[in-house]
Amino acid sequence: MRMKLAAAVAIALTATPMAATADGEVNIYSYRQAYLLEPLLNAFTDETGIKTNVVFAKQGLAERLEREGRNSPADVVMTVDISRINELVEKNLVAEVDSDTVNKNIPENLRHPDGKWFALTTRGRLIFTSKDRVEEGEISTYEDLTDAKWKGRICTRSGKHPYNVALVSSMIAHHGEEKAQEWLQGVKDNLARKPQGGDRDQIRAIAEGVCDLALGNSYYYGNMLMDENQRPTAEQVNLVFPNANDRGTHVNISGISLTQSAPNKDNAIKLIEFLSSPSAQRIYAEANSEYPANPEVKPTGMVAEWGEMNPDTLSLQEIANNRNSAVRLIDRVDYDG
Amino acid sequence: MTEVVSSANPGLSQPLLAKRTSKRWMISALITTAIVALPVFSVLYLALFPDENIWPHLMETTLPRYLTTTIKLMIGVGILTLIIGLSTAWAVTMCEFPGRKFFEWALLLPFAVPAYVIAYVYTSLLDYAGPVQKALREWFGWQSAADYWFPEIRSLEGAVLMIGLVLYPYVYLLGRAAFMEQSPSLFAVSRSLGHSAISTFFRVVLPIARPAIAVGLSLVLMETLNDFGTVDFFAVQTLTLGLFDTWMNLGNLGGAAQIATTMLMFVVILVTLERYSRRRQQQFAARDNRDPIHRFTMSFPRQMICLAVCAVPLVFGFIIPGATLGYYAWEYFDESWNPNFIRNTFNSLFLSGTAALTTLLIGVTLAYSRRLHNTRGMQVLMRLSSLGYAMPGAVLAVGVIIPLAGFDNWFDGLMRDYFGFSTGLLLSGTAFALVFAYTVRFLAVSAGSVESALQKITPSMDMASRSLGHTPGKTLVKVHLPMLRGTLVTAALVVFVDCMKELPATLILRPFNYETLATYVYQFASDEQLYHSALPSLIIVLAGIIPIILMSRSISNSRTMT
């Protein structure tokens, strides 16, 4: 009996899907949720006949890739947040891609100079304001958040969330560390409550009257509007593109890289080319209300109605370089405390 | 008082040993421990190579808060789980009241609810826009959040409640098993010597049950220490948040491993202290299955109190979250139904079942080897093999990748050099890696409970069996395992349900396109879309219920009840 059981287990273990290396496939390590990628990957398979395989996790995939070394089955890594992408470059886990198609699709400031990563979408870090309690034009920059009139009126998620860390990094890049720290202290002094929850929760908090201003990524708002049950909440807020009239709104990216060890390199490059193409970029914009990285594809529908976004031209690399300073600065201010 | 229940250690090992056979047990225990401890040692190894020294910065800024919050959270959850777990275990074991049989297994149900799910559910119920506050506003005519005070669910207290509600079953299960194994005559003796029922509970029953309760409580505390989902969502600043911050935001895996190591030491000290404090106690219960438990017959009001004590944790830990999930699942059914559910459910059941059997097998091997060979070395081995539980899942996952991928690449290199072909990755990224990770993580559960139950079997049993010519192995199968049946089933159940809920290690280690119920739930929950994951969450809970009912029956049947 015990032997039979052991045999059954052994068979079942070896029968589970092994890492695919056969032709006609591409293997993806993704820091983005698989269901968000699904429509894109399906379109890719429809067009090319290449099957896609995904592992999604929020952490640890870079370590897995690193340890698997030359035998890693992963062909591409899909990431959000420039700092995380930069980590792959620094650990020398990703390879250069030189594809005319991709270089034409993705503007220079949204890709690595040697093609070690490419942005696929951008997302603005916006200020949401209460329709009832904040007048239009009352706030227009990140710097305004420290104004004393907002005391007890601002909500944000944890300062340590990558999106907030990147915003602080950009403040360091523009104003220097000392000024950035003053700024963050100022924001903290105006908080209505301890940082908590996700970006959607901050929009909810405005609808509830807990606060009047909140920081959040654009697509969370878009996705709330698309959800019947959440729409009434989202409709209570206006959105502001901060610093639209000076340096531009802080943006972060989601991106893709080819791995050093990619066993299906040609397919991987095809995937990168496809994802940067207008048809795929349109899916990104429509399904997840993000801003396409390909300038040929204009935001559609709802996202277009929000008005034009003027993105900060600060190089993404510089934001990544400031990450550690930003994290320490956030600790010093004790933003979450 | 302790003299009643304990005696000096009679030195089980020496007279029993036929040297050769016991050596075999020891060697197998050694090898098993070495393999199981690999991931933990990998993390310790990482801790030697931080990118930079994180401690000065941490100490200057957030460390004091991380530490105090962690300790407060652990104390809070510890007290809450002890109160709920012991009171309910005592009630269903010793008191007769309406619904007792139902509560026997139903009290385990909250265990099937992952902490991060219950946290999401209560937040959606209790926050401003939720039905509770909405109703209050309508009754009292309040206009906005400024008009009234309402307890903040996203707080340390909230986290204690959430984690406590789903973890108390550890204490309940082990406490109940211990209460059931106690000889009723001890209780009768205490009563006849003039102690009240309550005094007997604290002076006789609890001290005897202490090893089992300590195992349950230490599992609760380790799981609390490792919780990331709930504390992250509630913004409760524990050491685990600091660890992930160091890893993900500062990109300093070595520094994160140092924090994990610190947490590990924390746990080791805690467990050692507990053991040290009862070092002089050696407890043997000459359990007699023919001697039935006589439950108290009680007045009606007292029966109602028992009922209430059992109903409260069930309602808050299971019925309310279950009903809420059910409601969302219904509302969002069209968006959330997915034909892959059956495959995901199978994956979860298969992985959890395999891991539960493996951990049980190894747990018995280790605990029994220690019984045969009760030396300091064996004790250290036992502790080493249990360390995986004291480490956050994601960190442990990296610890699992290191030896597995290391072996794969070494073997691949060998094959390339000598035979000219590549074997690629044989273990890394397969279901084997997942089962291995689960085993490493949850061995503490099975080894701990088997060990504590074995300790209660008097060595005279071994002596009798061995003097009749049985080998240690045969003695185990013929004597110990039948006596341990309840404990074995309990241990397997706990590991099974734990594996069903396991998330961080599964995410990192799984093969391509491989979803368990937990990973499927997570991809929505992590995107702030709990509604879409209500249905699979419900399936995790339901899939956990079936084994809970089956196994709870088997535990009850292990002892004749009257």
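This is a predicted model: local features need pLDDT of at least 70, side-chain atom pairs count only at pLDDT 80 or more; totals for chains, interfaces and linings use all residues.
The domains do touch: 15 residues of domain 1 of chain A are in contact with 18 residues of domain 2 of chain A. On the domain 1 side, the elements giving two or more residues are α4 (82-90), β9 (251-259) and α13 (301-305) of chain A. The top contributor there is α4(A), with 4 residues. Sort that side of domain 1 by class and you get 5 nonpolar, 7 polar and 3 charged residues.

What kinds of elements does chain B have, helices or strands? It has 24 helices and 0 strands. The UniProt record, an unreviewed entry, places the feature "domain: ABC transmembrane type-1" at residues 67-274 and 345-551 of chain B. Look at residues 67-274 of chain B: this span is 77% helix and 0% strand, and its end C-alpha atoms lie 21 Å apart.

How is chain B packed overall? A compact globule of 562 residues would have a radius of gyration near 24 Å, and chain B has 24 Å, so the two agree. Its C-alpha atoms fill a box of roughly 80 × 70 × 50 Å along the principal axes. Buried residues make up 53% of chain B. Among chain B contacts between residues at least 6 apart in sequence, 85% join residues at least 24 apart.

Next, peek inside. The largest nonpolar core has 281 residues, and those with the most contacts inside it are Ile272(A), Val400(B) and Ala437(B). Helix α8 of chain B (residues 156-181) supplies the largest share of this core, 18 residues. Zoom in on Ala437(B): leaving out residues up to four places away in sequence, it touches Leu396(B), Ala397(B), Val400(B), Ala505(B) and Leu509(B).

Finally, see how the two chains meet. The contact takes 52 residues from chain A and 49 from chain B. Several elements of chain A each supply at least two residues to its side, including α1 (2-15), α2 (34-48), β2 (51-56) and α15 (323-333). By class, the chain A side divides into 19 nonpolar, 17 polar and 16 charged residues.

Note on methods
Residues are numbered from 1 along each chain as its sequence is written. Chains are lettered from A and ligands numbered from 1 in the order in which they are written. A nonpolar core is a set of buried Ala, Val, Leu, Ile, Met, Phe, Trp, Tyr and Cys residues joined through C-beta atoms within 7 Å. A residue is buried if 20 or more other C-beta atoms lie within 10 Å of its own, exposed if 12 or fewer, and partly exposed in between; C-beta atoms are placed from the backbone. Two residues are in contact if their C-beta atoms, placed from the backbone, lie within 7 Å. Ala, Val, Leu, Ile, Met, Phe, Trp, Tyr, Cys and Pro count as nonpolar, Asp, Glu, Lys and Arg as charged, and the others, Gly among them, as polar. UniProt positions are given in the numbering used here, feature names are shortened, and annotations may be inferred rather than shown by experiment. The radius of gyration is taken over C-alpha atoms; the globule rule is 2.2 Å times the number of residues to the power 0.38.
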